Amino acid sequence: MNVKDRTLTRRQAVVAGGCATAMFAIGPARAQGVGDRLKVVATFSILADLIGNVGASRIDGAMLVGPNGNAHVYAPSPADARKVAEARLVFVNGLGFEGWLDRLVKASASRASIVVVSKGIKPREREGGGDRDHDRDHGQADPHAWQSVANVKIYARNICDALVAADPGAKDRYETNTAAYVGKLDTLDREVRQTIARIPLDRRRVITSHKAFGYFQDAYGIEFSAPQGVSTEAEVSARDVAALIRQIKAQKIAAIFLENITDSRLMEQIAKETGAKVGGMLYSDALTEASGDAPTYIDLIRHNLKQLAGALLS
Ligand code: ZN
């Protein structure tokens, strides 16, 4: 990564993390008037970071669910409707993640194109969890596809294609930015594989609060269990918690992780009852503020990897 890139990423992260309603556009305002930039909306913080890397100074971006926010249970505000109304493009994860989006777009009377960034990835089926019945009502795919770095390369290319279609004059810039970012993702993917290769197979089992890491599990070979399903909307049942406690004891699962978007009390209680240690915090569905451990997607994966290695290699 060259120095210029690093500065860009930092500045972008500061703007993105500072405020949930902030623009995430970056780059020299003098070189291009803000009014000339392509207005885009990202539904959540991880997506905003990816779009910032591909679009850089060509875009004027806003996000809906900000850092540490939970998109599963989000209630859009009138300000969100205004952002969507003004946008040329609205970027969504898809796979049932943003259940509130259609109503928001309708209410805003927006004419924006909706870009589903997960198009072309191989969807993972939803696993059972605390909210099986609920999940059945909301389709069959697990939405957390960004937890596989290979999928995020597809996200980046889809973002690039949509930006090029809307702003063909800047095609070369979008493609250069995308190639540079995909290069960083390749490096990241190798890093994850090399680190996990050092963890003994029988240690590769952890608990998190909701089933957000299925794609990470499939891509990198760490098994995740959780008291709550792939969404966080439903209450966790006592029966599911009891089953999980039995599983932790039977499989001697070493570590339980908290998540930034969910309440940690249940996980702390499970740790106490099983004697498993709390391994730290994993970031599942949202970045942190700029001052946190995961202000960008690449930081998020690196942080999670460090936490997992720290708990499972010790
Ligand atoms: Zn989630």
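Reader: Among contacts in the protein chain between residues at least 6 apart in sequence, what percentage joins residues at least 24 apart?

Author: This is a predicted model, in which local features need pLDDT of at least 70 and side-chain atom pairs count only at pLDDT 80 or more, while totals for chains, interfaces and linings use all residues. Residues are numbered from 1 along each chain as its sequence is written, and side-chain values use heavy atoms, with hydrogens and water left out. A contact means heavy atoms within 4.5 Å. Among such contacts between residues at least 6 apart in the sequence of the protein chain, the share that joins residues at least 24 apart is 68%.

Reader: How many helices and strands does the protein chain have, and what percentage of its residues counts as buried?

Author: Helices (H or I, at least four residues) and strands (E, at least two) are DSSP runs, numbered from the N terminus, and the protein chain has 11 helices and 10 strands. A residue is buried when its relative accessible area is under 20%, exposed when it is over 50%, and partly exposed in between (1.4 Å probe, protein chains only). Of the 314 residues of the protein chain, the part that counts as buried is 56%.

Reader: Which residues coordinate the zinc ion?

Author: Donors are N, O and S atoms within 2.8 Å of the metal (3.2 Å for Na, K and Ca), and as water is not among the atoms, sites may look incomplete. Along the chain the donors of the zinc ion follow the spacing H-x71-H-x65-H-x74-D. At 1.9 to 2.0 Å, the coordinating residues, each histidine through its NE2 atom and the aspartate through OD, are His72, His144, His210 and Asp285.

Reader: Which geometry does the site of the zinc ion have?

Author: Four donors count as tetrahedral if all angles lie between 85 and 135 degrees; four count as square planar and six as octahedral if opposite donors are over 155 degrees apart and all others between 65 and 115; anything else is irregular. The angles among the four donor atoms of the zinc ion run from 92 to 115°, and the site is accordingly tetrahedral.

Reader: How many residues apart in sequence are the parts that His144 and His210 tie together?

Author: Both His144 and His210 are buried. His144 lies in the loop between strand E6 (141-142) and helix H6 (149-166), and His210 in the loop between strand E7 (205-207) and helix H8 (214-220), so the separation in sequence of the parts tied together by this pair is 66 residues.

Reader: Which residues does Ser148 contact, leaving aside its neighbours within four places in sequence?

Author: Ser148 sits in the loop between E6 and H6. With a relative accessible area of 7%, Ser148 is buried. Once neighbours within four places in sequence are set aside, the contacts of Ser148 are Tyr215, Ala219, Tyr220 and Tyr297.

Reader: Within what arc do the buried residues of H10 fall, seen down its axis?

Author: In helix H10 (residues 265-274), the buried residues are Met267, Ile270, Ala271 and Thr274. The arc is that of the directions from the helix axis to the C-beta atoms. The buried residues of H10 line one face of the helix, because, seen down its axis, they fall within an arc of 100°.

Reader: Which elements do the buried residues of H10 pack against?

Author: The face of H10 turned away from its buried side carries the exposed residues Arg265 and Lys272. The buried residues of H10, by contrast, pack against E7, helix H9 (238-251), strand E9 (255-259) and strand E10 (277-282).

Reader: How many of the residues of H11 are buried?

Author: The expected span of a helix is 1.5 Å times one less than its number of residues. Helix H11 (residues 297-312) reaches 22 Å from its first C-alpha to its last, close to the 22 Å expected. H11 is mostly covered, and the number of its 16 residues that are buried is 12.

Reader: Is Ala109 buried or exposed?

Author: Although Ala109 is not a glycine, its phi is positive, at about 55°. Ala109 belongs to the loop between helix H4 (101-108) and strand E4 (113-116). Because its relative accessible area is 63%, Ala109 is exposed.

Reader: Which residues does Val105 touch, not counting residues up to four places away in sequence?

Author: Val105 is part of helix H4, and at 16% relative accessibility Val105 counts as buried. Its C-alpha atom is separated by 9.6 Å from that of Asp80, 25 residues apart along the chain. Not counting residues up to four places away in sequence, Val105 touches Val84, Ser110 and Ile114.
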